[in-house]
Every structure is written in structure tokens, then in C-alpha cells.
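Q: Before we look at anything in detail, could you take me through how to read charged pairs, buried side chains and helix packing from a set of coordinates?

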Amino acid sequence: MKVKQTAGRESLGEFAPEFARLNDDVLFGEVWSDDTLPLKTRSIITITSLVSKGLIDSSFAYHLQTAKTNGVTKSEMAAILTHVAFYAGWPNAWAAFRMAKEVYGEAEQEAHGGMFGLGEPNTAFAKYFIGNSYLKPLTDPKKTVGIFNVTFEPSCRNNWHIHKADKGGGQILICVDGEGWYQEHGKKAVSLKEGSVITIPAGVKHWHGAKKDSWFSHLAVEVQGENCSTEWCEPVTDEQYLKL
């Protein structure tokens, strides 16, 4: 995802145009936009580096807010700063915590679901899942292509199932947060992380869900077709799942 930044030119455009260009076009336009590392990982690296150097200023507040936007939760930020404290110094960590509390808010509940949010408990389909899942519709499938943000708690997975259609159909998964698994019947499971895309043709038996130690969210995009339906099959057993 291309990151657009204009702060350099707005603050230093006339005084230091080359520095402004490097800040806006290279640091944010190229480095932050390189998809080799997820934005969440880049935020964690940046926060760690700034705390290590004791740079707890307005730029640190900006990067805290960016980390929050990029999916670093309140509990994850607390764990990051606690870990960094042993290497970067206790006073640096204290200063970072004071600012992190302002950005995240002491009463804020930890959020899951990535940028689209957690949604509501997926009670309508709970019988087809092991563990708890959450559903947040992003479009109205009666009016356009159906897109849903599905979030799985750690170890949650859906049953084996098959998307059926006389023509077209199937599903596309776009992973937006955490880590999970996708497996087609008779094949090895595929590890999923933020940015992974899975295309599931109609007629393919499969399952997907979270890894045992991670929340996981993906967009489920319904591929339009004729006479589409879903056949739900047997659960993914603990024995099968824990071998992954």
C-alpha cells in the first residue's frame, strides 16, 4: 500500500526542500510503502527504534497513532514497551508508556479485526465453527458483491466446506490481520498472514481459520455465480489441526 506523506514539504519545503523530499518521497513514499514487511511490523520496528534512542516527542506520538492504525493493539503495545524497557532503559520506557496511554486510552478495549473492526459474534454460523468467530458485513450482497470481514479467535476454524455453483461462484479470501491457515482437501495447509490472498474455486473442499496462538481476520469475498450455495461438512479435528 502506497503511503502518502506531505509533512516534510509542509514544514520544511522552502527551508530544506531536499530533506522534505527524502522524508516524504523516500522514507514514506518508498521505504514505508515496500510490501516486503507488513505495515504493522514496520510500526513495531519504528516504535522500538525511537524508544531505544529516547526520542519520545511529537514524532513518537505520530508513530504511536500510526501503530494503532496499523493494527498494534493496546495489549501488544504494552508488551512491546515492557520488552524494550530491558534493552533501551527504564526511563525511556516510562516516558513511552505515558504517551502510549494518551494515544490508546486507558479505558479502551483491545480491538481485533484489523482496520475493519471486529463486528458481532457470528452466531448464525456458530454450529459450523470450532471456537468463536465474529462477522462484520462491509457490503450488502443483495445490491452488490458480498464482502464480509470474518475474525477468528486463536484456534478457531470453520468446518470443511464446499462452495457450489452451476456456473461461476467460489470465494476469495484477503487476509487483513493476524495469522491463520487455509487448507484444501488432500493438500498441505497454507500459512496465511496480512496481505495473503486465496482464490477458492467452486467445488473445492477446504477450511480456514486462525493459528492456535493468533487472532486472525480475512475479508471473505463472494464470487458471483448461478445457483450459489455452501455445503458444510465435518469439523477439522483437534488431531488434524494441532499437526499444523
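Predicted model: local features only at pLDDT ≥ 70, side-chain atom pairs only at ≥ 80, totals over all residues.

A: A salt bridge is read from the distance between a side-chain nitrogen of Lys or Arg and a carboxyl oxygen of Asp or Glu, which has to be within 4 Å. Lys205 and Glu234 form such a bridge, with their closest N and O atoms 3.0 Å apart. This pair links distant parts of the chain, given that Lys205 belongs to strand S11 whereas Glu234 sits in the loop between strand S14 (229-232) and helix H7 (238-242), 29 residues apart. Glu234 itself is partly exposed, at a relative accessible area of 38%.

Q: How many salt bridges does the structure hold, and which residue forms one with Lys211?

A: The structure holds seven salt bridges. The partner of Lys211 is Glu179, and the closest N and O atoms of these two residues are 3.2 Å apart. Here, too, distant parts of the chain are linked, with Glu179 in strand S8 (residues 171-184) and Lys211 in the loop between strand S11 (205-210) and strand S12 (216-222), 32 residues apart. To judge the surroundings of each partner one turns to relative accessibility, where under 20% is read as buried and over 50% as exposed. Glu179, at 38%, therefore counts as partly exposed, whereas Lys211, at 13%, is buried.

Q: Which residue forms a salt bridge with Lys40, and is Lys40 buried or exposed?

A: Lys40 forms a salt bridge with Glu76, and the closest N and O atoms lie 3.1 Å apart. Because Lys40 lies in helix H3 (residues 39-52) and Glu76 in helix H5 (residues 74-88), the pair ties together parts that are 36 residues apart in sequence. Lys40 counts as buried, with a relative accessibility of 17%, while Glu76 is partly exposed at 30%.

Q: Where is His63 found, and which residues does His63 touch?

A: For a single side chain, one asks in turn about its element, its accessibility and its neighbours. His63 is found in helix H4 and is buried, with a relative accessible area of 13%. Leaving aside residues up to four places away in sequence, His63 touches Phe28, Trp32, Thr46, Ile47 and Leu50.

Q: At roughly what angle do the axes of H4 and H6 cross, and which residues make the contact?

A: For a pair of helices, one reads the angle between the axes, then the handedness of the crossing, and then the residues that meet. The axes of helix H4 (residues 58-69) and helix H6 (residues 90-104) come within 10 Å and cross at roughly 50°, which means that H4 is oblique to H6. The crossing in which H4 passes H6 is right-handed. On the H4 side the contact is made by Phe60, Ala61, Leu64, Gln65, Ala67 and Lys68, and on the H6 side by Ala96, Met99, Ala100, Val103 and Tyr104.

Q: Why are H5 and H6 described as roughly antiparallel?

A: H5 and H6 pack at an angle of about 165°, with their axes 8 Å apart. Angles over 145 degrees count as roughly antiparallel, and H5 and H6 are therefore placed in that class. The crossing of H5 and H6 is right-handed. Among the residues that meet are Met77, Leu81 and Phe86 in H5, and Trp90, Phe97 and Tyr104 in H6. The contact of H5 with H6 comprises 12 nonpolar residues, two polar and one charged.

Methods: Residues numbered from 1 in each chain as written. Heavy atoms only, no water. Axes fitted to C-alpha atoms, helices over the stretch in contact; angles between N-to-C directions. Helix = DSSP H or I, 4+ residues; strand = E, 2+ residues; numbered from the N terminus. Parallel < 35°, antiparallel > 145°, perpendicular 65-115°, else oblique. Left-handed = near helix turned anticlockwise from the far one by under 90°. Contact = heavy atoms within 4.5 Å. Buried < 20%, exposed > 50% of the residue type's maximum accessible area, 1.4 Å probe, protein only. Nonpolar A, V, L, I, M, F, W, Y, C, P; charged D, E, K, R; others polar.
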